[in-house]
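Have the structure open as you go.

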Amino acid sequence: MTTLENAELRVAGVIEESIVDGPGLRFVLFLQGCRTHCPGCQNPQTWDFEGGELVSAQEVLNRIQGDPLVHGVTFSGGEPFEQAAALIPLAAELRRRGYHLTAFSGYTFEQLREKPDCRQLLSLLDLLVDGPFLMAQKSLELRFRGSRNQRILDVQASIAQGWIPILDPLNAESER
Ligand code: SF4
């Protein structure tokens, strides 16, 4: 069983304080490894599943907790859901401590909820920015996103209602 004590994450890097990867001031954890390979991806160095470095989930938690100004955490990549099983104990502990949790994924919400580990990780999140980066739909006007196909989803509402309410004003381009 994967626990906070034994979970290891393959990490591409971190940003200790960010205001562009979700609401408020956030710690951003970039997970290493991605199979989606979107043309035009800004982080192709995060694709290799053998790259980055192995870091214990407990160490990540300690770093996050070390900054009292941070109240949110973002899982980005790479593809965070490729490491869903190892992220679950960290996300659960962060949620228990009141952190707002956002994740970016090249997969859609509908794809993620088909896989048990991904579904469990989803259940711990507040926001999901979903879908691959599509160069043909690229826009610099979008908040938190690179292309128009990507959505900012209220994960808890989407799970509770069984469908995705596309009502979040964060999705509007003018909200940037
Ligand atoms: S899903 Fe994200 S990290 Fe992966 S190729 Fe697409 S933009 Fe890059």
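**Notes on the model**

1. Let's start with Arg35: its relative accessible area is 56%, so Arg35 is exposed. Keep in mind that this is a predicted model. The side chain of Arg35 meets that of Glu82 in a salt bridge, at 3.2 Å from N to O. This pair links distant parts of the chain, with Arg35 in the loop between E2 and E3 and Glu82 in the loop between E4 and H2, 47 residues apart. Glu82 itself is partly exposed, at 27% relative accessibility.

2. Then there's Glu110, which forms a salt bridge with Arg151; the closest N and O atoms are 2.9 Å apart. Glu110 sits in helix H3 (residues 109-112) and Arg151 in strand E7 (residues 151-154), so this pair ties together parts 41 residues apart in sequence. Glu110 is partly exposed, at 32% relative accessible area.

3. Glu93 is buried, with a relative accessible area of 14%, whereas Arg96 is exposed at 61%. Arg97 joins Glu93 and Arg96 in a network of salt bridges. The count of salt bridges comes to seven.

4. Now for helix H1 (residues 57-65), where Ala57, Val60, Leu61 and Ile64 are buried. These residues cover an arc of only 100° around the axis, which puts them on the same side of H1. What covers them includes strands E1 (8-18), E2 (26-31), E3 (53-56) and E4 (72-77), along with helix H2 (84-96).

Note on methods
Residues are numbered from 1 along each chain as its sequence is written. This is a predicted model: local features need pLDDT of at least 70, side-chain atom pairs count only at pLDDT 80 or more; totals for chains, interfaces and linings use all residues. Side-chain values use heavy atoms; hydrogens and water are left out. Buried means under 20% relative accessible area, exposed over 50%, partly exposed in between (1.4 Å probe, protein chains only). Helices (H or I, at least four residues) and strands (E, at least two) are DSSP runs, numbered from the N terminus. The arc is that of the directions from the helix axis to the C-beta atoms. Contact means heavy atoms within 4.5 Å. A salt bridge is a side-chain nitrogen of Lys or Arg within 4 Å of a carboxyl oxygen of Asp or Glu.
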